[in-house]
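This briefing sets out selected features of strand pairing, helix packing and aromatic contacts. Please read it alongside the sequence and structure shown below.

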Amino acid sequence: MQKRTKIKELLLTEPTEQLVTVKGWVRTFRNNQFIAINDGSTINNIQAVVNAEVADEATMKRITPGSCVGVTGKLIASQGKGQKVEVAVTSIEIYGDAESDISKPNSYPLQPKAHSLEFLREIAHLRFRTNTFGAIFRVRHSLAYAVHKFFNDKGFVYMHTPIITASDAEGAGEMFKVTTLDINKAPLNEAGEIDFKQDFFGKATNLTVSGQLEGELAAMAFGEVYTFGPTFRAENSNTTRHLAEFWMIEPEMAFFDLNDNMDLAEELLHYVIRYALEHNKEDIEFLNQRLLDEEKNKPQTERSEMSLLEKLQFCIDNKFERVTYTEAISILRESNHNKKKKFQYLVNEWGVDLQSEHERYLVEKHFKKPVILTDYPKDIKAFYMRQNDDGKTVRAMDILFPGIGEIVGGSQREERLELLETRMKEMHLPIEEMYWYLDTRRFGACPHAGFGLGFERLVLFVTGMTNIRDVIAFPRTPKSAEF
Ligand code: ATP
Ligand code: MN
């Protein structure tokens, strides 16, 4: 067989009866004649037309949904609706069969009909072969590429920070332990506690919850750096926005204050969303239509005001609203929602942490656009955030998105050694063990800032999906680590 051409390219090619080869997976086979083949390069299938001269009866029987085929033939103008070109097949090869008779064991579960997202989650190893998941994962790829391109074009250095860490001071949630000790016969020390000196690293280690602290070290040499890697949190929160294993983008910039930090985060979000809109037009249009179809089954009052495409366009055309935590609390406290006790957690006092119902109220009901909340109370934020002169708040910023809630969490960092050490003592953090972090404040400290963008929450927003399990290939959540 001659060299294969990808379907994406063929669909843009003028048909001049040139000989082409297509290899891919059969989506449908109609009338013993029309094969719809998809090779993952695009959401669109190419139609290949076979007849009895090319494929004998036995071969015809093997062309079933899910089987893998290679066809060679002439690229001709298509008579059928919906496609410009098709392949008039002169030879066909079946690479792999897929049993389509569902009464037989091990039959292919993805028959050409609509499947629920819940069902597809159970067969996540095959769900890439559907239109929806094909679109989602091509968009995910583009977003990842756009993140790297954005930072590279600005001269940031990409850092790979450790995945196994002995520091658990970040306070970002419960950590997974990493050990080679036999958990049934773990050695004990004199105090009767597990003796991690005998463990692989000679100390207790965990999977990282963030690369920020190491990112800060590198920023004190390269000026502007970012990480983009997996992070792990053992929080037992079974929500549609939390994973135990997720990917995070964490830029860290010397000489940035909180405003510079917000500007960069907003520019990054605008850039990557625009990139996906430009490079994944067909995928996003498909996802847009998918949501419109889904909405038709909902009562009028529950339908969203904007389609996915409108929402994405709105997001890149508008500046995010910037408000302080203190202003947000008074908006929430005075809201009719609060007065009518419609929040599960009522907002009464300054100082409470915001629940996602509050974040979504601010974004979806009050401002009706993405919001950046700044200057949170220090008691609900991490030790490294820069303290304001009021003694109560820190230079934090969270970006809240419609339908998502928090998508970015960041801050200007506390660069003043004394204030940082005092705060760490107050929070009972191991100052001695963290000497390496404090060294950046001892040697050539400077104002700096950074943030963490949850990659799956970004993919959720751009694809319009509502469950985070549907935007990562193999989700890890409480009681689930399949595949
Ligand atoms: P949340 O309050 O939503 O649990 P967080 O404040 O604990 O988030 P940060 O520690 O600020 O999260 O992490 C930075 C970003 O990483 C968040 O803004 C979010 O986009 C993402 N993120 C945090 N936890 C998770 C998770 N368990 N699964 C997926 N993404 C997450
Ligand atoms: Mn946060």
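Which residue is the bridge partner of I164 in β9? The bridge partner of I164 there is L207. The model is predicted, and the points below are grouped by topic.

**The three-stranded sheet**

- An open sheet is formed by three strands in the order β7-β9-β8, with antiparallel pairing.
- β7 (164-165) and β8 (177-178) each have a single partner strand and stand at the edges, so one side of each lacks a neighbour in the sheet.
- Two bridges join β7 to strand β9 (residues 205-207) in the antiparallel sense.

- Within β4, C68 is the bridge partner of W25.
- β1 also runs antiparallel to strand β2 (residues 34-38), to which five bridges join it.
- V26 has I37 as its bridge partner in β2.
- Three residues lie between the strands in the hairpin of β1 and β2, where N31 takes a positive phi near 55°.

**Packing of α12 against α13**

- Helix α12 (residues 417-426) packs with helix α13 (residues 435-442) at an angle of about 155°, and their axes are 9 Å apart.
- Angles over 145 degrees count as roughly antiparallel, and α12 and α13 are therefore roughly antiparallel to each other.
- The contact brings L417, L420, E421 and M424 of α12 to Y437, L438, R441 and R442 of α13.
- By class, the residues of this contact comprise five nonpolar, no polar and three charged.

**Aromatic pairs**

- The count of aromatic pairs comes to 21.
- In one of them, the rings of F150 and Y271 have centres 5.3 Å apart and planes at 55°, so the pair is tilted.
- Because F150 lies in helix α4 (residues 131-153) and Y271 in helix α6 (residues 258-279), the pair ties together parts that are 121 residues apart in sequence.
- F150 is buried, with a relative accessible area of 4%, whereas Y271 is partly exposed, with a relative accessible area of 25%.
- The rings of W436 and Y437 have centres 6.3 Å apart and planes at 75°, so this pair is edge-to-face.
- W436 is partly exposed at a relative accessible area of 22%, while Y437 counts as buried at 0% relative accessibility.
- Y437 also belongs to the α13 side of the contact with α12.
- A cluster linked by ring pairs contains F150, F151, F156, Y158, Y226 and Y271.

Methods
Residues numbered from 1 in each chain as written. Chains lettered and ligands numbered in written order. Predicted model: local features only at pLDDT ≥ 70, side-chain atom pairs only at ≥ 80, totals over all residues. Heavy atoms only, no water. Pairing = 2+ DSSP bridges. Helix = DSSP H or I, 4+ residues; strand = E, 2+ residues; numbered from the N terminus. Axes fitted to C-alpha atoms, helices over the stretch in contact; angles between N-to-C directions. Parallel < 35°, antiparallel > 145°, perpendicular 65-115°, else oblique. Contact = heavy atoms within 4.5 Å. Nonpolar A, V, L, I, M, F, W, Y, C, P; charged D, E, K, R; others polar. Phe/Tyr/Trp six-rings, centres within 6.5 Å; stacked < 30°, edge-to-face > 60°. Buried < 20%, exposed > 50% of the residue type's maximum accessible area, 1.4 Å probe, protein only.
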